[in-house]
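These are my notebook entries on a single structure.

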Amino acid sequence: MKKKLQILAETLLVGLLVFILTVTNVFRFFDNMAKDSLYQIPRGIDSKIKIIGIDEKTMAELGPIQTWSRSFYANLLRKLNEQAESKPLLVGFDVLFSGNVDAGDDDFTAAAAESGNVVIVDHLIYGRKLTTNEDGFASYPVESIEEPFESLSSVCNKGYSNVSQDSDGTVRRIIPSEVYEGSEQKMFSNILYEEYCNRKGITPNAVPVDKNGRAIINYSGKPGDYEYVSMIDVLNGNIDARAFTDSIVLVGAYAPGMQDDFEVPNGGSHQMYGVEVHANILQSYIQGRFSVNGNKYIFGLISAVIAMLMYILFRRLKPWLSLIIMIIVIIAFVFVLIIFNNHGTAYSIIYLPMMLILSYIASLALGYLRELKKKKKILNAFRKYVAPQVVEEIAKKGDFQIKVGGENRDIAVLFVDIRGFTTMSEALEPEQVVEILNEYLTLTSKSIFDNLGTLDKFVGDATMAVFNSPFDLPDYEFKAVCAAMDIVNGGKALEKDLMAKYGRSVGFGVGVNVGPAVVGNIGCDFRMDFTAIGDTVNTAARLEANAKKGQVLISDALYERVKDRIEVEEIGEIPLKGKSKGVFVYEVTEVHR
């Protein structure tokens, strides 16, 4: 129950974090980077939108743009419109023609009036103090408009050239229209689009905007993607004007240093000239591909539910399967968001994938800690039964899995019992009996562990140990005999101490056998014991029962394996309870280590 409550708390925390991050967009910078990479994939530019650039080549021949007579623009219009059947559909000048310069102003005005297809720009001047409108939204108000010279304004349609930059300086959004002195002002690209629809006889698409009146641009091309020619090449007749037939021609700055280039979502390390930005905006108008931010609260709630479900899966499934599912979910999530964006609704993209990755890592870490705790618990349990050096080796290798249900192993089995314990316990106080028993058990345990054996169990005043179980142990037969001799020899010193303390002495009888046995977890679901069973174990117990005080009895099977390293006295064949045939037995008198 405690574990379930813990997982529930962790799951709710994951969901809450995703919701808060999505709603607050704390990591807006990184979210914008992700959306720029995934939402602003080039979709192919409209070949009918062409750019005539005021570039370095043009200024090298005509001089700095500030020194130009506007007759140059008049000549450009006449070149483009000299053949009525091949003239452009629209010509948009992304150049602010403020104030009068010279007689070329009238020439340009006349050419624009004659063309009848020219759109020019003005420029909005925003205040520096935020104001709040009646709906409670704060914005910078338009304080004034920088207009083109009057005669040109009277013959051309115009819109403001301002683009909206985010806090990082990137142009991701537009404000299609603003209000100045109670009059609606429209963006340059908006005016171009309306003129385009009017000339094509189509109904303009409505542009979705957010609460601040902004729409997100879905860029069609990267910097340099739109077809561009140098203005001087058109003026000099190097470009056939028929190349612009029925096109929307945008004329604007196309050279570094003209202070008309911007950071854009798909530009990478390259900036995009303002005229290219307007080309992208115009194509978004034509294709109806603007988007707005969706309801962040609903999206945050959906993201939170997905994150919580995934976290539950992470805690239940294997890591490799969780990883596969997580990758599939993230890919599907991103793919769905791209589709939504392409249909006009944009959402934050990083928070759910980020939280899924963190949740996956957290589940791995928790799983690791659980396994570490489990391993520690098992190792602590082993320390009660197995020699410390064996436990340390297990800890290093991490190999502590025991085969559930049992396995056949060849093992050596040792039984030891106190001789005269019953008589002694009747004559002494219970506390004294326990103290003597503890001294004895300490001796037998230490002797077993010193020889890398496994303490199987204590049964009253008897001790059972096995060698070569549950882990492989080299030379386990000899180590079992050595443990038996250590117990008997240690018992002699213990006997003297007990005689001095209590006036009573104890001794040990030990039996050791070797052979096959079934080793494993024996018991039921709620209580099991890891032990060894079989005839080999029974024979060792019978040998111990026949051993006198201070004797170590071993079977002939064990003797054959270690006879070169021990000294024995033959006891001969003795009958053993429960066995139809006797066992030839030896008493060990000395071991050669």
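**Entry 1: salt bridges.** I began with aspartate 107 and arginine 78, whose side chains meet in a salt bridge at 2.6 Å, N to O. I took a salt bridge to be a side-chain nitrogen of Lys or Arg within 4 Å of a carboxyl oxygen of Asp or Glu. The pair links distant parts of the chain, with aspartate 107 in helix H5 and arginine 78 in helix H4, 29 residues apart. Helices (H or I, at least four residues) and strands (E, at least two) are DSSP runs, numbered from the N terminus.

I noted that this is a predicted model, in which local features need pLDDT of at least 70 and side-chain atom pairs count only at pLDDT 80 or more, while totals for chains, interfaces and linings use all residues. Residues are numbered from 1 along each chain as its sequence is written, and side-chain values use heavy atoms, with hydrogens and water left out.

For exposure I used relative accessible area: buried is under 20%, exposed is over 50%, and partly exposed lies in between (1.4 Å probe, protein chains only). Aspartate 107 counts as partly exposed because its relative accessibility is 23%; arginine 78, at 34%, also counts as partly exposed.

My search of the whole structure gave 28 salt bridges. In one of them, lysine 446 pairs with aspartate 450, with the closest N and O atoms 2.8 Å apart. Both residues lie in helix H15 (residues 430-450), 4 residues apart, about one turn of the helix. Salt bridges with shared partners also join Asp36, Asp166, Asp168, Arg172 and Arg173 into one network. Within that network, arginine 172 bridges aspartate 168 at 2.9 Å between the closest N and O atoms. Arginine 172 is buried at 7%, whereas aspartate 168 is partly exposed at 33%.

**Entry 2: aromatic pairs.** I paired rings of Phe, Tyr and Trp (its six-membered ring) if their centres lie within 6.5 Å; planes under 30 degrees apart count as stacked, over 60 as edge-to-face and the rest as tilted. The count came to 21 aromatic pairs. Tyrosine 73 and phenylalanine 108 form a tilted pair, 5.6 Å centre to centre with 35° between the planes. Tyrosine 73 is in helix H4 (residues 71-81) and phenylalanine 108 in helix H5 (residues 104-115), so this pair ties together parts 35 residues apart in sequence. Both residues are buried.

Next I looked up tyrosine 228 and tyrosine 254, which are stacked because their ring centres are 4.0 Å apart and their planes are at 10°. Tyrosine 228 is partly exposed at 32%, and tyrosine 254 is buried at 11%. I also recorded a cluster in which ring pairs link Trp68, Phe72, Tyr73, Phe93, Phe97 and Phe108.

**Entry 3: helix H9.** I found that helix H9 (residues 274-287) has 14 residues and reaches 20 Å from its first C-alpha to its last, close to the 20 Å expected at 1.5 Å a residue. The expected span is 1.5 Å times one less than the number of residues. Of the 14 residues of H9, 13 are buried. Just after H9, glycine 288 has a positive phi of about 65°.

**Entry 4: arginine 315.** I placed arginine 315 in helix H10 (residues 296-316). Its relative accessible area is 14%, so arginine 315 is buried. Leaving aside neighbours within four places in sequence, arginine 315 is in contact (heavy atoms within 4.5 Å) with Ile7, Glu10, Ser363, Leu366 and Arg370.
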